[in-house]
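User: I am new to this structure and would like a close look at a single part of it. Please set that part against the chain as a whole.

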Amino acid sequence: MYQKLKNGLSETRKKFLTGLPVILFYLFLFYTVVLLFGVHYVMTVSIITVYFKINHKKQHTVKSLAVIAITCFVLMYLAFLATVNIPLCIILNLTVPFILVFLQSSQFNQLGYFAGAMCFVFLQLRPLEKGEIFVQTAVMAYSLVILTAAYELYNFRRKKAQDYHAVKKGLMLLAAAVQDELNDRKIDSHLKELMDLLQTLYKEAYQSGGITYMLTGAGKIKYLSALLFQRAVYFLGNPDHRREEPDDETAAFLQETAEFMKQAGNCDLRSSSHRIILMTEGRKLLAASERREEEVYIFAQNFYLTFLLLLENLNRVQEQKPQRDWKKTNMTLTLNQLKDRLKPDAFEMRFALRLSLVLTIGFLYDRLVNAEHGYWLVLNAFILLRPMYEDSAYRMKTRLAGTVTGCIILHFLFFIFTGTTAHFILAGLMVVGMYTETPGTWIHAVFVTCFALTMTTLALPQSLAMELRLLYVAAAVLLVLLVNQFCFPTSLRSQFRYNIQMLFHMHHLYLKMLLANLKEPVAYGDICEAQIHFHLVHDQIREYLPKTESKEEQTFYRTLIDLSWYMVSEAEQMLFVMNARRKDLHNAAQMENYLVYTDYILNEIQQMMHMKPERALRQKEPVLGRYKRTMEDFPRLSLLMERYGRRISRLYQVVLMHRNG
């Protein structure tokens with residue numbers, strides 16, 4: 001019991017220290033806004049605190065901070081317009097949240113919309129009287145100045161270039177894996193860590209793109225690192241990569257490679273002198289790897305080429321600057337991405353419709369009924385509505401439990417904290433709890449309830465305020481429950497099914513890029529976007545698998561995603577080889593038939609899984625008699641084609657057995 005209490009206190013202390021910068025920011029802004037502008041404008045404090053909480057640990061430029069400020073002002077004026085009359089209320093609450101979800105959220109960044117939507121929603125909660133928009137503008141300007149100053153103050157001692165700790169950790173893991181492989185020791189634990197690490201790096205690369213989806217310099221380095229580790233895991237984890245013991249020359253070369261990886265992992269990648277040493281040594285080892293054509297040397301070539309590219313980019317990229325040299329050759333992927341989001345089964349479309357509907361209903365009730373504190377309905381509904389049904393259902397339970405508990409606790413606290421000054425002190429204490437506890441838990445809901453009622457009881461009787469709070473939380477739960485149930489519901493299970501469909505879509509996309517590559521090189525921006533998107537989808541599927549009830553289903557889908565992972569690794573390497581050694585590709589027609597036949601088989605597999613097939617690469621069915629998995633005059637490409645062909649055959653067998661089983 002004592003140990004449990006000690007651990008609980010230690011965890012609370014840790015959470016408090018983590019949240020302390022946000023707590024101090026909120027309290028300073030809260031009390032100064034009340035002092036300078038009055039209690040009616042404190043909604044702005046919650047909004048700007050969310051922006052600080054999201055952004056204070058990120059690297060920002062003057063431009064990116066200016067974008068945040070402009071966004072806040074635009075949303076503030078849109079919120080003001082939404083309070084002018086009923087038609088504008090309906091139009092703006094249907095469109096603005098919808099646009100925010102489409103621009104700032106995705107299935108991989110589900111809450112990207114939240115800060116912007118919170119700004120738009122919260123600033124509608126108290127309609128402004130004539131002339132108050134100018135005061136609200138001053139409050140917003142003041143709050144944003146404090147946000148910028150607090151960001152600079154917080155980062156004054158922390159401002160430095162990325163140390164790429166994850167990249168260095170990956171290089172050390174890779175060195176250990178190669179060394180253990182040489183000594184015939186198991187490398188499974190190293191490969192698992194590398195797999196987790198590369199998935200994290202792909203996520204971070206994706207998040208660096210922001211609203212433009214164009215990688216920053218730091219994102220580009222993380223993407224190249226993820227690709228480096230992916231190719232290594234592909235080689236080291238593939239049971240076919242080496243059938244025989246390496247000869248003495250190969251063993252010595254691998255030993256040298258492992259030592260180079262370890263040296264790179266111990267270096268300061270930010271140091272130009274260290275990078276020069278690594279590049280010099282790396283080029284020598286690359287030249288040595290190119291003297292032989294066995295697969296172990298191909299693995300080494302892939303490593304050195306990618307690592308040297310990474311070092312070259314470290315020499316020239318600016319970490320926060322979008323990498324326009326990786327711009328896509330055309331808008332095909334972007335237009336397809338937008339088209340996918342507009343589909344009825346897309347995450348963005350379904351959630352955007354639900355969010356717009358809940359906000360419109362909530363604000364119409366507030367405007368038309370004009371009930372005391374009617375805005376609490378839409379405020380609570382906005383907080384309770386989440387992209388996934390399961391998350392919303394969890395928050396409904398915790399919000400109700402926390403609200404009831406908070407009302408009871410506050411009833412007794414009001415015997416101690418009496419008077420206006422005491423209310424503001426109590427509100428400050430509740431803020432500490434709000435930003436210490438994890439959002440969405442019942443304890444967090446207790447602090448939120450206590451804070452809201454502490455402020456509300458400055459103007460309303462205690463019993464009435466508590467009754468209204470309980471009533472509107474219950475009404476918000478009912479509203480969100482009905483919308484989630486009957487209006488484009490999105491559950492983890494349905495998202496899982498959608499992700500499986502997206503997995504096959506990505507396979508078809510790689511085949512399209514390979515087909516296009518027969519005529520001209522594919523831009524690296526296209527390959528980068530496809531790589532990142534596949535790995536994010538793959539990761540979401542992997543996370544959901546333990547939640548499936550049937551062990552047989554788990555086994556089936558785990559086999560499916562494992563095969564898919566290897567297939568994408570091989571497709572990416574085929575693109576790389578064809579781009580780098582185009583002169584060796586003499587029989588484009590044979591390669592085209594290989595791709596068209598593979599595309600045909602993928603569609604057959606999708607139909608067996610009761611999924612809508614993709615549009616065929618070529619309208620006519622492929623000629624089986626002309627299908628070959630090898631290119632006699634291109635051994636490096638031939639090896640990848642053969643393995644890819646074997647995996648798609650295995651995939652077909654697995655799906656067929658699952659369907660008939």
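Analyst: The chain carries 73 positive and 58 negative side chains, and the centres of these two sets lie 6 Å apart. This is a predicted model, and every value here is computed from it. The chain exposes about 30500 Å², with carbon and sulfur atoms supplying 61% of that area.

As for the overall fold, the chain has 24 helices and zero strands. Its C-alpha trace spans about 85 × 55 × 55 Å along the principal axes. A compact globule of 661 residues would have a radius of gyration near 26 Å, and the chain has 28 Å, so the two agree. Of the 661 residues, 54% are buried. Among contacts between residues at least 6 apart in sequence, 80% join residues at least 24 apart.

Is His508 buried or exposed? Its relative accessible area is 0%, and because buried means under 20%, His508 counts as buried. Leaving out residues up to four places away in sequence, His508 touches Asp599, Leu602, Asn603, Gln606 and Glu614. Leu617 lies 109 residues from His508 along the chain, yet the C-alpha atoms of the two are separated by 8.5 Å.

Met609 belongs to the largest nonpolar core, which has 218 residues. Together with Phe382, Met591 and Leu637, Met609 is among the residues with the most contacts inside that core. Helix H22, residues 551-580, gives the most to this core, with 14 residues.

For comparison, take a residue from another helix. Gln136 sits in helix H6, residues 132-154. With a relative accessible area of 6%, Gln136 falls under the 20% limit and is therefore buried. Beyond residues up to four places away in sequence, Gln136 touches Tyr41, Thr44, Met76, Leu123 and Leu128.

Note on methods
Residues numbered from 1 in each chain as written. Predicted model: local features only at pLDDT ≥ 70, side-chain atom pairs only at ≥ 80, totals over all residues. Heavy atoms only, no water. Helix = DSSP H or I, 4+ residues; strand = E, 2+ residues; numbered from the N terminus. Buried < 20%, exposed > 50% of the residue type's maximum accessible area, 1.4 Å probe, protein only. Contact = heavy atoms within 4.5 Å. Core = buried A, V, L, I, M, F, W, Y, C linked by side-chain atoms within 4.5 Å. Rg over C-alpha atoms; globule rule 2.2 N^0.38 Å. Areas by Shrake-Rupley, 256 points an atom, 1.4 Å probe, with all protein chains shown as cover. Lys, Arg positive; Asp, Glu negative; His and termini not counted. Charge placed at Lys NZ, Arg CZ, Asp CG, Glu CD.
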